[in-house]
Structures are given as C-alpha cells and as structure tokens.
Amino acid sequence: MLMYIFRRLTSALPTLFVVVTLSFFLIRLAPGGPFDLEQPLEAKVMENLNRIYKLDRPLIEQYWLYLSHLATGDFGPSFYARDFTVAELLARGLPVSITIGGLALLLALAIGIVLGTIAAFRQNQPADYSVMVFATFGITIPTFVVAPVLQIVFGLMLAWLPVGGWNNGHIRNLILPVIALALPQVAVVARMIRASMIEALRSNHIRTLRSQGLPRSTIAIHALRGAMLPVVSYMGPAAAALLTGSVVIETIFGLPGVGRYFVEGALNRDYTLVMGTVVMVAVFVLVFNLIVDILYALLDPRVRYDT
Amino acid sequence: MSDVLAQPVPVGRSLWADARIRLFRNKAAVTSLFFLIFMGVISIAGPWFSPHQYERVYTEYVRVPASLTAYPKPEQIAPAVERIAARVRAQIETQQVIGGSVRVTLVSPRAIDERNLAFFGRSDLFQGANVVERADEGRKLVIDAPIRWRTFLFGTDGNGRDLFTRTLIAGRVSLAIGLLATGVALLIGVAYGATAGYLGGRIDTVMMRIVDILYALPFIFFVIMLVVFFGRNFILMFLAVGAIEWLDMARIVRGQTLSIKRQEYVQAAEALGVTSNGILRRHIIPNTLGPVVVYMTLLVPKVILLESFLSFLGLGVQEPMTSWGVLISDGARNIQNAEWLLFFPALFLVTTLFALNFLGDGLRDALDPKDR
C-alpha cells in the first residue's frame with residue numbers, strides 16, 4: 001500500500017508539471033498585461049515595472065525562472081495586490097475556504113447519505129419522491145439564487161444570522177455560506193446514494209441479511225459500504241473544488257477566501273496569482289484523487305494495490 | 001434453402017423502438033419532453049408575438065411589478081399628467097378619467113403653445129392629445145388624451161424593459177448555448193472516446209493520460225481564459241466550452257467501447273476486413289449512444305448553469321442581449337425591492353432544468369438494458 005501511494009505521488013509530479021506549463025503559456029498568450037490601467041502608464045514607468053518583475057526577459061527564461069522558484073516553494077510576488085506575495089495571499093485565504101468548504105463537504109455527505117438511504121429503502125413511495133424532488137431542486141437552482149434568498153430570509157426578515165462577513169470564523173457567520181455551498185452537493189450525493197443503494201439492496205449478500213431478519217439499520221450499514229463507491233469517486237474532484245473556494249459564495253457573503261483570486265487574477269492578468277491558484281487547485285485535485293483510490297481499496301475488497 | 005427464405009421474417013424491435021416505448025410509458029419523462037418542446041417554441045416564437053421589443057425602454061415604467069391588468073394603473077395617471085402639464089407650462093384645473101382617456105383642463109397665464117401637447121404623445125402613458133375646447137384666447141385648453149394601455153405580465157426591469165419579452169429572448173440564448181456546447185462536447189467526446197477505446201493499447205493510454213491532465217486543470221481558469229481570448233463573443237465562447245466539456249463524454253464512450261469491441265459482431269466485421277474507421281462509425285459509435293444520450297440531457301443543464309455562473313461574474317452575454325443567467329443575477333441584486341425580477345427568470349430556468357433532469361432520468365431507465 002505504501003509503495004502504491006509513493007508511486008502515485010511520483011507519477012503525479014509530471015502531471016503537475018504539464019499543468020503548470022500549459023497554464024503558464026496560456027495566461028501569457030492572453031492579450032494585455034498586469035500593468036494595463038484605464039489610463040496607460042508612461043512608457044518609462046511601464047519599462048521599469050516590467051524590468052523589476054522581470055517581464056522584459058524572453059518568455060522561456062521567465063518560464064524557467066518561475067519553475068525554479070516554484071521548486072523551492074516560492075510563488076513569487078502578486079502583481080495586483082502589490083504588498084503581498086502570492087504565498088501570503090493563499091495562506092490568508094485558504095483557511096477560510098477550507099473551513100467553509102470542509103464543513104459543506106461533511107454536511108453534504110451526512111445529509112446526502114441519510115436522504116439517499118431513506119429514498120432507496122422506500123423506493124417509489126412518497127418519501128422517495130419528496131427526496132428526489134428536493135434533490136432535483138438542489139441541482140437545478142443556482143447557488144447565486146439560493147444564497148441571496150437565504151440572506152433575505154435568515155439575515156434580514158428573521159434576523160437570526162449575520163448576512164455576511166467572516167468575523168474570524170464565528171460559527172454564526174459560517175452557517176449560511178455552508179448551507180448555500182452544501183445544498184447542490186447534498187442533492188448530488190442523495191441521488192447517487194439512492195441509485196447505488198437500490199442496486200446494492202438487490203445483491204445477494206444483502207438479501208441474505210434480510211432473510212435473517214436483521215434490523216434495517218444494520219442492513220443499511222452493510223449496503224452502504226458498496227453503495228459508497230460511486231459517491232467516493234465523485235467526491236474526489238468535488239472535494240478539491242469545495243476546499244479551494246467558491247467565487248460565488250465568497251462574493252455574496254463577503255468572505256476573504258481563495259475562490260475570488262482566480263477570477264481577479266485572470267482578469268487583472270496577475271500572472272503569478274493565477275499560477276499560484278492553478279498550482280494549488282491541481283495539487284488538491286491530485287491529492288484527492290489519490291485519497292479516492294485508497295478509499296476504494298478500503299471499501300471494495302476486490303480492488304487491491306499490492307504491486 | 002427456399003423453405004427457409006419463404007418463412008416470414010420475425011419483426012424484431014430495435015433497441016431504440018424498445019426504448020421509445022418504455023420512455024413513453026414514463027409520465028414524468030413525457031411531461032418533461034412536452035414541457036421542453038413548449039419552452040423551446042415560446043422562446044423562439046414568443047418574442048415575435050409579444051407587443052414589446054426586448055430592448056425597448058419605457059422610462060415611465062421602471063421596475064413596475066408583474067401584473068395581469070394593463071398599465072397605467074389609475075394612481076399613475078394623475079402624476080403623469082402633472083409632469084406633462086409642467087412641461088407644457090400650464091396648471092391643471094380639472095382632470096378626470098373617462099373611459100379610455102383623460103379629460104384635462106389646462107390653464108396658463110399666457111397662451112398655451114399647442115405644439116407642446118406633443119409631450120402627451122411622447123409619454124409612455126398616452127397616445128397623444130386632442131384639443132376639445134379652447135377658451136380665453138388659448139389660455140385655457142380642454143384636451144382629451146387617450147390612454148395607451150400596456151401589459152407587463154412579468155413587470156419591468158431596472159431600465160423599464162418588459163421582463164416577459166426579455167425572459168423569452170433569454171430563453172433563446174440560454175437554450176441555444178446549452179445545445180451548442182453540448183453538441184460540440186458530443187462530437188469531440190464520442191470521436192475521441194471511441195477511438196481511444198477501440199484502438200486500445202499504448203494509444204489508449206496516451207489519449208486517456210491527456211484527458212487526465214486536462215481534468216487537473218482548473219475548469220474556471222479555462223473558462224476565464226476563454227472569455228479573455230474571445231471577448232464577449234458568446235457563440236465562440238460556448239463552442240469552446242463545449243470543447244472543454246467533452247472530457248466526461250470521452251470517458252463514458254471509451255468505457256462503452258471497451259466492452260463493445262469484444263462482441264462477436266465487431267469480430268465478424270474485423271474478419272470481413274472492414275476498416276477501423278468503418279467499424280467505429282458503423283458498429284461502435286451507434287452502440288455507445290445510449291449512455292451518451294442520457295449524459296447529454298444532463299450536460300445541457302450543466303452548460304446553462306455554467307453560462308449563468310459566468311453572467312453572475314459579469315462575463316456573460318452583453319446588454320441589451322440577455323440570458324436567463326444575466327436576468328437571474330440581475331434579479332438577485334434587486335431581490336429586496338423587486339422580487340419579480342428574480343422570480344420569473346428563475347422559474348423559467350429551474351423548470352427547464354427540472355424537465356431536462358426528469359427526461360434524462362427517464363431516458364436512462366428506458367435505455368438501461370438491466371431493467372429489460
């Protein structure tokens with residue numbers, strides 16, 4: 001198993017390298033530069049800025065410089081937020097995004113699994129239909145509709161919770177963004193669990209348990225082990241996306257996470273910030289894909305990674 | 001030999017005929033299908049029959065609520081007449097609504113310039129003004145201004161444009177974007193996946209490795225780069241979005257192909273010397289279409305949501321053109337004082353996505369060979 005993890009980690013490095021290379025040249029191909037303002041800077045000023053940030057060197061040399069800095073963990077300075085390095089920006093934003101995304105992830109798994117299991121046990125009964133209608137709503141209503149509605153209802157009309165802000169991660173500030181972020185995921189998980197659970201309940205080993213008259217909760221736990229597989233493989237990329245921040249949620253609730261950096265970085269041609277976020281997301285995706293494969297082996301005894 | 005040929009050929013039901021029958025038995029799926037057709041028809045044809053143009057601005061009807069009865073409301077008429085009277089430089093002595101028009105008596109210390117009565121015609125509320133009676137050498141006019149009735153079924157937006165027409169126009173854009181991007185994803189994904197799966201071996205490994213790398217690239221990054229490159233040309237952009245969304249499609253098709261290529265009929269075709277290209281087109285691709293069709297009905301809502309996400313970021317379709325995403329993000333900003341701006345476009349979007357989802361589920365059940 002350890003060998004397998006080690007091998008996977010080393011094979012992830014080339015992927016990361018390709019991702020970095022692709023995005024480095026893609027963002028450079030985009031028209032415009034980081035110092036383009038509404039009123040153009042004087043040519044001399046522009047020249048100096050480009051020299052300080054080494055943007056006047058040939059592209060290949062810049063690429064090499066970036067790679068060698070990246071290898072030592074240096075993401076470089078941000079062009080747009082002038083006083084900060086990209087590493088500082090990410091270090092400040094990531095805890096916020098991970099808190100919100102992690103809680104949403106746990107909430108989505110907990111509620112989604114419960115709802116999906118209930119629906120599967122009561123297939124084609126009212127409980128099943130209401131779960132499915134709820135799930136379809138969850139998938140179809142965009143987050144940027146749900147979030148303002150939550151703000152209006154719970155923040156302004158009922159005045160139970162703050163409308164937005166981070167407030168050092170106070171629990172009251174977390175509730176609304178976490179719910180808004182988790183809702184579509186709850187829906188997806190519930191649908192997947194329902195589908196795979198119905199299949200699992202028809203399998204021989206579960207039929208045996210049923211014939212022995214075991215309580216439903218015990219049957220559910222046994223069936224879940226197999227039924228979790230599709231959810232686990234879906235949750236890999238989804239978890240990476242949740243933990244690296246949602247630009248919609250962060251914008252609507254005014255949270256200082258990393259989700260916005262992407263959009264801001266790309267639109268302002270903040271090359272280093274964009275590259276930093278790309279690397280961050282790619283690392284999350286690769287790590288979570290690895291976790292998924294390990295979980296697969298734990299859940300499904302037919303899958304083995306001995307070699 | 002002739003005996004065998006003389007026997008009646010048993011009429012088999014093809015996979016598709018079978019699936020169609022099963023689909024039409026599913027009430028939710030059929031209802032969804034008809035709903036989607038209805039949505040498509042009203043989005044395409046509706047704006048031609050609407051009395052309003054989607055970009056027409058009614059300055060006197062900014063953000064009026066949705067209403068089944070026609071505007072102007074009785075309480076709007078008096079202030080409008082007062083505004084016009086001020087521009088005509090006259091005082092109102094009396095005014096009353098008789099039937100479909102307003103009878104106003106205007107007085108002024110000086111003779112009233114009747115050319116200024118054109119202000120009535122320019123207003124959104126009246127069709128014009130006719131002088132019924134002149135008195136005091138033109139210092140007192142009795143005029144009759146027929147009211148111009150307009151219906152704003154869904155109300156108007158912050159610029160005074162009819163939301164009903166805009167929602168229909170937006171439906172055209174959103175549905176077109178959804179179908180366009182899905183079509184592109186379908187073409188690339190099916191061709192790529194089938195090729196990788198059929199050729200197998202090292203080519204397959206390399207091709208799927210490329211897919212893995214593209215997966216690791218953050219999707220939003222790609223989309224924003226596309227916006228940066230193509231500007232706001234949304235047709236080009238959604239061709240490009242389709243060119244990204246093919247990854248899942250390629251994986252599904254490859255998986256299908258791997259199992260199909262071991263079937264006897266494929267081996268038979270190979271034995272007969274059919275080219276790889278021919279086998280792919282004649283045998284492999286038609287047989288992978290079941291899951292592909294299901295995935296397609298789920299990809300269309302995904303792309304429509306993606307478009308609305310871009311609109312939320314302000315990177316979507318540009319004014320005065322609009323899409324459901326643009327309308328919804330505009331509505332979300334005005335949710336406190338003009339909830340209909342969010343309600344109607346969201347209703348259209350959500351019901352459409354709902355129907356697409358139910359249709360997708362129905363198709364999956366209809367095409368699933370396990371349930372047969």
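Within chain A, the buried residues of α6 pack against α7 (171-201) and α10 (247-253), and from chain B they meet α11 (276-312), α12 (324-333) and α13 (340-367). The model is predicted.

**Helix α6(A)**
- The helix comprises residues 143-157, and its end C-alpha atoms lie 20 Å apart; this agrees with the 21 Å that its 15 residues should span at 1.5 Å a residue.
- Its buried residues include A:Phe144, A:Val145, A:Val146, A:Leu150 and A:Ile152, and also A:Thr143 and A:Gln151.
- Just after the helix, A:Ala159 adopts a positive phi of about 55 degrees.

**Second largest pocket**
- This pocket holds about 370 Å³ of space.
- It is lined by 16 residues, of which A:Ile141, A:Val145, A:Val149, B:Leu342 and B:Ala346 are the closest to its centre.
- Two or more lining residues come from each of α6 and α7 of chain A and α13 of chain B, with α13(B) giving the largest share, six residues.
- By class, the lining has 14 nonpolar residues, one polar and one charged.

**Nonpolar cores**
- The largest nonpolar core contains 175 residues, and A:Ile193, A:Met197, A:Phe253 and B:Phe238 have the most contacts inside it.
- Beyond its neighbours within four places in sequence, B:Phe238 is in contact with B:Ile177, B:Ala181, B:Val303, B:Glu307 and B:Leu310.
- Another core, of 25 residues, lies apart from the largest one and has B:Tyr61, B:Val64, B:Ala90 and B:Phe120 among its members.

How values were computed
Residues numbered from 1 in each chain as written. Chains lettered and ligands numbered in written order. Predicted model: local features only at pLDDT ≥ 70, side-chain atom pairs only at ≥ 80, totals over all residues. Heavy atoms only, no water. Core = buried A, V, L, I, M, F, W, Y, C linked by side-chain atoms within 4.5 Å. Buried < 20%, exposed > 50% of the residue type's maximum accessible area, 1.4 Å probe, protein only. Contact = heavy atoms within 4.5 Å. Helix = DSSP H or I, 4+ residues; strand = E, 2+ residues; numbered from the N terminus. Expected span 1.5 Å × (residues − 1). 1 Å grid on protein atoms, 1.4 Å probe; cavity = no way out; pocket = protein on both sides within 12 Å on 5 of 7 lines; lining within 4 Å. Points joined across faces, edges and corners; volume = space filled by probe spheres on them. Nonpolar A, V, L, I, M, F, W, Y, C, P; charged D, E, K, R; others polar.
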